[in-house]
Amino acid sequence: MASEFLSVWENVNSPEYELNAANLGAISPHLLHLGKQYLHPVTGARDTLLLSGDTVFKVVDSGVHRLFRVNTDIQFRPVDLLDTGSSLTPGTDYHIYIVTNSGTTANLVVSKNSTYPDGATAENSRRIGGFHTLCADIGALQTGTHSLYGFMARDILPQSCWDLLNRPRTCEPQGMVLDPKTKTWIDIYLQSGTGENTKSVYQGTVTNTRSWDQHQEDLFAVGKRMLHDNEFTSAAWGTIPYRNVMGSVNPVTTGGKVNTDGMRIVSNIGCEDMAGCFWQWIGQDTFTGYSDSGAWGDANPTDQGKHYSRINAVVAGGDWGDAADAGARCRHAGDARSDAYGAHGSRGCSDGLCVL
């Protein structure tokens with residue numbers, strides 16, 4: 001594909017680009033497709049996306065503002081538009097760019113780079129969307145009613161498709177999927193890393209042995225928060241209940257796991273490791289206390305205030321030894337928010353930028 005976009009306006013001194021009524025109609029809005037999502041998965045085509053017609057983007061190249069429009073719907077296979085390589089990589093974020101060819105045309109390029117594609121520059125390109133690929137085969141390793149039944153590694157996760165309007169409100173969309181039921185963007189993978197290095201990535205080392213407060217602070221360092229109770233249940237739906245991870249031992253890393261029956265541990269929207277892998281701390285506004293001792297104790301981490309009595313937080317999903325309890329509705333409230341256990345991790349999320 002080449003020259004999918006045609007220039008409709010630029011700020012240069014030519015009569016056809018004067019700021020008259022006709023041109024102002026082309027300029028505004030300059031990146032909206034009727035104010036709605038414009039990048040979509042294509043049902044039944046797990047390697048194909050659709051870009052809505054009448055979408056207009058601005059690219060500022062060397063100080064010159066140019067607007068480019070695609071007039072009709074375009075279906076494209078991202079693998080055909082890669083800046084490097086000839087196949088998609090499992091469990092990977094890809095970014096879609098508009099790249100100018102000249103003053104009058106532009107085309108789409110797909111790249112692993114989150115800044116600009118190989119062979120382009122920050123000035124002659126603009127990131128307009130992206131997606132994440134499935135990390136490991138599902139095929140028949142799930143129930144026939146599962147939304148991702150038949151999907152294979154490298155396929156595009158439908159709910160991971162994002163654009164400039166349909167994306168998380170407070171963080172980068174990498175490693176996330178949209179839950180259409182709660183309008184919340186959910187991390188595909190359990191948390192790995194801490195602080196500003198907190199990530200949702202395939203085969204990351206699961207961050208554990210941290211308190212509720214530490215996980216909370218890790219997530220807000222990257223513009224995320226913990227899932228609320230209803231968000232966890234919805235995001236985990238489709239994960240096979242009452243089963244834990246194969247081997248019943250600490251899975252250590254994120255994504256691609258199967259349970260003790262050899263079935264994939266993945267939810268309908270594509271969230272990995274939701275049940276039977278690690279307990280996951282849940283964000284909440286109220287807590288429970290076991291003790292009525294009336295004693296003040298140090299929080300974990302310390303130096304930002306103390307806890308009165310023992311304050312417990314909820315964990316969800318079940319860990320690698322909890323086959324009998326695991327599932328989307330599985331909860332446990334016996335651990336203090338200051339506790340830190342090897343079987344406890346967390347997962348981030350963000351409200352959506354737009355309500356679709």
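**Close-up views of a predicted model**

**View 1. Helix H2 and the strands around it.** In helix H2 (residues 212-220), the buried residues are Trp212, Asp213, Gln214, His215, Asp218 and Leu219. Please keep in mind, here and in every view below, that this is a predicted model. The buried residues of H2 pack against a set of strands: S13, S14, strand S17 (306-308), strand S18 (311-316), strand S20 (344-345) and S21. The loop between S12 and H2 holds Thr209, whose phi is near 55°, a positive value in a residue other than glycine. Thr209 is partly exposed, with a relative accessible area of 46%.

**View 2. An open sheet of four strands.** Follow the sheet in the order S11-S12-S21-S13, and you will find that the pairing is antiparallel. Which strands stand at the edges? They are strand S11 (176-179) and strand S13 (225-226); each has a single partner strand, so one side of each is left without a neighbour in the sheet.

**View 3. Strand S12 and its partners.** S12 (residues 184-187) runs antiparallel to strand S21 (residues 348-351), and three bridges join the two. Look for Thr184 opposite Asp351 in S21, and for Trp185 with its bridge partner Ser350 in S21. S12 also pairs with S11, in the antiparallel sense and over four bridges; here Val177 stands opposite Ile186 in S12. S11 and S12 form a hairpin with four residues between them, and Lys183 in the turn has a positive phi of about 60°. In a regular strand the side chains alternate between the two faces of the sheet. Are the two faces of S12 covered or uncovered? Both are covered: Thr184 and Ile186 on one side are buried, and so are Trp185 and Asp187 on the other.

**View 4. The largest nonpolar core.** In soluble globular proteins, nonpolar side chains tend to be buried together. The largest nonpolar core here has 26 residues, and those touching the most other members are Phe5, Leu49, Phe76, Ile96, Ile98, Leu108 and Phe131. At least two residues of this core come from each of strand S3 (45-51), strand S4 (55-61), strand S5 (64-70), strand S6 (74-76), strand S7 (93-100), strand S8 (105-111) and strand S9 (125-132). Apart from this core lies another, of 24 residues, including Ala136, Leu148, Ala236 and Ile282.

**View 5. The largest pocket.** Rolling a probe the size of a water molecule over the atoms shows where empty space is left. The largest pocket has a volume of about 370 Å³. Of its 22 lining residues, Ser147, Leu148, Pro158, Gln159 and Asn268 are the closest to its centre. Strand S2 (39-42) and S3 each supply at least two residues of the lining. Which strand gives the most to this lining? S3 does, with three residues. By class, the lining has 11 nonpolar, eight polar and three charged residues.

**View 6. The second largest pocket.** This pocket holds about 250 Å³ of space. It is lined by Asp93, Cys171, Glu172, Gln174, Glu196, Asn197, Thr198, Lys199, Ser200, Val201, Val222 and Lys224. These residues divide into three nonpolar, four polar and five charged.

**View 7. The loop with Pro241 and Tyr242.** Pro241 lies in the loop between helix H3 (229-236) and strand S14 (279-281), and Tyr242 belongs to the loop between H3 and S14 as well. Pro241 is partly exposed, with a relative accessible area of 38%, whereas Tyr242 is exposed, with a relative accessible area of 52%. Leaving aside neighbours within four places in sequence, Pro241 is in contact with Ala326 and Gly327. The C-alpha atoms of Pro241 and Met274 are 10.0 Å apart, with 33 residues separating them along the chain. Phi of Tyr242 is near 60°, a positive value in a residue other than glycine.

View 8. Asp325 sits in the loop between S18 and strand S19 (331-336) and is partly exposed, with a relative accessible area of 45%. Its C-alpha atom is separated by 9.2 Å from that of Ala275, 50 residues apart along the chain. Most residues other than glycine have a negative phi, and most peptide bonds are trans. The bond from Asn300 to Pro301 is cis, with omega near 5°; Pro301 is found in the loop between strand S16 (296-298) and S17.

Notes. Residues are numbered from 1 along each chain as its sequence is written. This is a predicted model: local features need pLDDT of at least 70, side-chain atom pairs count only at pLDDT 80 or more; totals for chains, interfaces and linings use all residues. Side-chain values use heavy atoms; hydrogens and water are left out. A nonpolar core is a set of buried Ala, Val, Leu, Ile, Met, Phe, Trp, Tyr and Cys residues joined through side-chain atoms within 4.5 Å. Buried means under 20% relative accessible area, exposed over 50%, partly exposed in between (1.4 Å probe, protein chains only). Contact means heavy atoms within 4.5 Å. On a 1 Å grid over the protein atoms alone, a cavity is a set of points where a 1.4 Å probe fits but cannot get out, and a pocket is an open set with protein on both sides within 12 Å along at least five of seven lines; lining residues have an atom within 4 Å of a point. Grid points are joined across faces, edges and corners, and a volume is the space filled by probe spheres set on the points. Ala, Val, Leu, Ile, Met, Phe, Trp, Tyr, Cys and Pro count as nonpolar, Asp, Glu, Lys and Arg as charged, and the others, Gly among them, as polar. Two strands pair if DSSP finds at least two bridges between them.
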